[in-house]
Amino acid sequence: MSERRRKHDSNELRTMYVNFFKERGHKEIASASLLPENDPTVLFTTAGMHPLVPYLLGEKHPSGKRLTNIQKCARTEDIDEVGDDTHCTFFEMLRNWSLGDYFKQEAIAMSFEFLTAYLHIPVERLAVTMFEGDELVPPDVETEEISRELFVNIPELSESKVIIAGGYPR
């Protein structure tokens with residue numbers, strides 16, 4: 001199987017992801033504990049952003065403004081559903097973070113490059129989604145505009161591949 005079409009195991013994917021963002025000026029940070037420190041509001045780290053909340057709210061991170069990590073997470077809100085095709089309790093979130101350095105335009109472009117140039121996922125197999133908004137949060141019009149602009153010159157990405165989706169049922 002050629003390198004272009006070769007399947008990667010999970011360790012290779014983790015390494016490729018972190019290295020991709022390190023090449024773009026991100027500093028790798030360690031996964032925080034599954035048991036959050038100094039946060040009595042939750043029992044477990046449930047999302048990749050959880051350990052970074054103080055920095056997302058404006059505190060300076062000791063590693064800088066561009067970070068990448070693989071955060072261990074646990075979720076139990078749907079524990080009765082675990083075992084089907086869509087629910088799990090333990091997983092890792094691979095993330096790149098900008099703490100005031102760049103925003104959607106660059107983040108979307110880097111993600112697209114990682115998927116297509118590094119993982120060699122055929123463009124026609126990709127789709128982009130953005131939040132349609134609800135009574136509390138407005139629609140993500142900026143992401144829609146950036147995505148349509150990025151994809152306008154890629155014939156394999158049709159208009160039907162830009163999907164505006166709703167949030168979780170309340």
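The protein chain contains four helices and five strands, where helices (H or I, at least four residues) and strands (E, at least two) are DSSP runs numbered from the N terminus. The model is a predicted one, in which local features need pLDDT of at least 70 and side-chain atom pairs count only at pLDDT 80 or more, while totals for chains, interfaces and linings use all residues. Residues are numbered from 1 along each chain as its sequence is written, and side-chain values use heavy atoms, with hydrogens and water left out.

Let me begin with the overall arrangement. Read from the N terminus, the elements follow the order α-β-α-β-β-α-β-α-β. The chain has 170 residues, and 27% of them count as buried; buried here means under 20% relative accessible area, exposed over 50%, and partly exposed in between, with a 1.4 Å probe and protein chains only. Of the contacts between residues at least 6 apart in sequence, 64% join residues at least 24 apart, a contact being heavy atoms within 4.5 Å.

I turn to the sheet. Three strands form an open sheet in the order S1-S2-S3, with mixed pairing; two strands pair if DSSP finds at least two bridges between them. Strand S1 (27-28) and strand S3 (90-98) are at the edges with a single partner strand each, so one side of each has no neighbour in the sheet. Helix H1, residues 10-22, packs on this sheet and touches S1, S2 and S3. The direction of H1 makes about 10° with that of S3, where axes are lines fitted to C-alpha atoms, for helices over the stretch in contact, and angles run from 0 to 180 degrees between N-to-C directions. Strand S2, residues 66-74, pairs with S3 in the antiparallel sense over nine bridges. Within that pairing, Ile-70 has Leu-94 of S3 as its bridge partner.

The other pairing to mention involves S4 and S5. Strand S5 covers residues 162-165 and pairs with S4 in the parallel sense, over four bridges. Val-128 has Val-162 in S5 as its bridge partner.

Next, the pockets. Rolling a probe the size of a water molecule over the atoms shows where empty space is left. The search uses a 1 Å grid over the protein atoms alone: a cavity is a set of points where a 1.4 Å probe fits but cannot get out, and a pocket is an open set with protein on both sides within 12 Å along at least five of seven lines; lining residues have an atom within 4 Å of a point. Grid points are joined across faces, edges and corners, and a volume is the space filled by probe spheres set on the points.

The largest pocket has a volume of about 920 Å³. Its lining has 29 residues, with Arg-95, Ala-107, Ile-108, Ser-111 and Thr-143 nearest the centre. Two or more lining residues come from each of H1, S3, helix H3 (104-118), S4 and helix H4 (141-151). H3 provides the largest share, seven residues. By class, this lining has 19 nonpolar, seven polar and three charged residues; Ala, Val, Leu, Ile, Met, Phe, Trp, Tyr, Cys and Pro count as nonpolar, Asp, Glu, Lys and Arg as charged, and the others, Gly among them, as polar.

The second largest pocket has a volume of about 430 Å³. It is lined by 22 residues, of which Ala-32, Glu-37, His-50, Pro-51 and Leu-52 are closest to its centre. Helix H2 (53-56) and S2 each supply at least two lining residues, and H2 gives the most, with three. The classes here are eleven nonpolar, nine polar and two charged residues.

His-120, in the loop between H3 and S4, has a phi near 60°, a positive value in a residue other than glycine. His-120 is partly exposed, at 25% relative accessible area.

Ile-154 is in the loop between H4 and S5 and is buried, with a relative accessible area of 14%. Not counting residues up to four places away in sequence, Ile-154 touches Phe-112 and Val-123. Ile-154 and Val-123 are 31 residues apart in sequence, yet 8.2 Å apart in space, C-alpha to C-alpha.

Gly-133 is in the loop between S4 and H4. Is Gly-133 buried or exposed? Its relative accessibility is 16%, so Gly-133 counts as buried. Gly-133 and Gly-166 are 33 residues apart in sequence and 6.8 Å apart in space, C-alpha to C-alpha.
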